[in-house]
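Please look over the sequence and the structure shown here before reading on.

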Amino acid sequence: MRKGLATGSLLVFMLVAAYAAVGAPSAVSTEAPRVTTAQIIVSAFEPEVEHVALTSRDRVRPRAGEARMWDVVPVAADEATALLEQLVMAERAVRDPAVTGRELAFMGHLQQLVYFRLIERSDLRDTVFSGIPQDVRRAADLNIAAGANLWLWDSTGVTELPEWRIVPAPSIHDLLTYYGEAEAEFGVPWYYLAAINLVETRMGRVRGDSYAGAQGPMQFMPPTWDMYGEGDINDARDAILAAGRYLRATGAPAKMERAIWMYNHDNEYVDAVMKYGEVMRDDPRAFRGYHGWQVYFVTANGTFLLPEDWSKN
């Protein structure tokens, strides 16, 4: 469809060391309705997990067994043994139904930062990956490979922060409901819709136009929205249904990779979306972690965390 936010700095922040400076912004079906995987997952996630914005500038380096401080911004370790411990702890925590609320949000954010660090620090990577246990090894492999694809989209020549506003992501429950509706109506697997939502706007946290003019949580160009959208381009449900409608029209689900390429004409983007989707297909609970990933923006002057309620003005 276009390179939208991804050609700016939104995708680059996935792969830039997050421990860098945090600045002052610190086809309509005629068949009977189907019960989709996402709908089943929604019920499994009850009660609804509260979204928590991590806006504090305080920091903590968590280790298993230490007291948890869920309202601070986590920092990835810079030593292989501790980084491995953080990766395993975060990957297991986001899959644990007993981990909810602020703790879940913290662990998702930590998971994000651990992968930042591993991509940025190649000297740590082999040691960490040699020790990852089997239960989270495939997810780790896919996550780092997806991130490496997005590393190629570098725009460190940017010197200005974007004209964005950072808003709360819809809840896990609501997003899974919307993905499930789109899957039921258009046959597009929910986890690919979630992966696009993750890569494009961090589950809808970014409110504002891309450099190319794409808009909304699923980043539609206005002419494409005029063809496939119904309702409000900035509404999460309307945008996710429009994405399902568009992907179905361009080949999904039978030709999923082609449909994603039509969504964004970049092979690395396609591969990243497919890989994040595979993680959630393998274990739908992985979505809980991705829901906690935050908005980082890289500029020539450093990498900035854009917390909830941040705006340039």
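Asn-149 counts as buried, at 14% relative accessibility, where buried means under 20% relative accessible area, exposed means over 50%, and partly exposed lies in between, for a 1.4 Å probe and protein chains only. The residue lies in helix 5; helices here are DSSP runs of H or I with at least four residues, strands are runs of E with at least two, and both are numbered from the N terminus. If residues up to four places away in sequence are not counted, Asn-149 touches Glu-268, Asp-271, Ala-272 and Lys-275, a contact being heavy atoms within 4.5 Å.

The model is a predicted one, in which local features need pLDDT of at least 70 and side-chain atom pairs count only at pLDDT 80 or more, while totals for chains, interfaces and linings use all residues. Residues are numbered from 1 along each chain as its sequence is written, and side-chain values use heavy atoms, with hydrogens and water left out.

Helix 5 also packs with helix 3, at an angle of about 65° and with the two axes 10 Å apart; axes are lines fitted to C-alpha atoms, for helices over the stretch in contact, and angles run from 0 to 180 degrees between N-to-C directions. Helix 3 passes helix 5 in a right-handed crossing, a crossing being right-handed if the near helix is turned clockwise from the far one by less than a right angle, and left-handed if anticlockwise. On the side of helix 3 the residues that meet helix 5 are Gln-111, Tyr-115, Leu-118 and Ile-119, and their partners in helix 5 are Ala-139, Ala-140, Asn-143, Ile-144, Gly-147, Ala-148 and Trp-151.

Which residues of helix 4 are buried? In this helix, residues 122-130, they are Leu-124, Val-128 and Phe-129. Seen down the axis of helix 4, these buried residues fall within an arc of 115°, and so they line one face of the helix; the arc is that of the directions from the helix axis to the C-beta atoms. An α-helix has 3.6 residues a turn, so residues three or four places apart point the same way. The buried residues of helix 4 pack against helix 2 (80-94), helix 3 (101-120) and helix 5 (134-151), whereas the face turned away from the buried side carries the exposed residues Asp-126 and Ser-130.

Helix 6 (residues 172-186) has packing partners of its own. Its axis and that of helix 9 (residues 236-249) come within 9 Å and cross at roughly 30°, which makes helix 6 roughly parallel to helix 9; angles under 35 degrees count as roughly parallel, over 145 as roughly antiparallel, 65 to 115 as roughly perpendicular and the rest as oblique. The residues of helix 6 in this contact include Leu-175, Tyr-179 and Phe-186, and those of helix 9 include Ile-240, Leu-241 and Gly-244. With helix 7 (residues 190-201), helix 6 packs at an angle of about 125°, the axes being 8 Å apart, and the two helices are therefore oblique to each other. The crossing of helix 6 and helix 7 is right-handed, and here Leu-175, Leu-176, Tyr-179, Ala-182 and Glu-183 of helix 6 meet Trp-190, Leu-193, Ala-194 and Asn-197 of helix 7.

Some backbone details remain. Most residues other than glycine have a negative phi, and most peptide bonds are trans. Met-203, in the loop between helix 7 and strand 4 (206-207), has a positive phi of about 65° although it is not a glycine, and it is buried, with a relative accessible area of 1%. Gln-219, in the loop between strand 4 and helix 8 (222-228), also has a positive phi, near 55°, and at 0% relative accessibility counts as buried. A cis peptide bond, with omega about 0°, joins Ala-252 and Pro-253, and Pro-253 is found in the loop between helix 9 and helix 10 (256-263).
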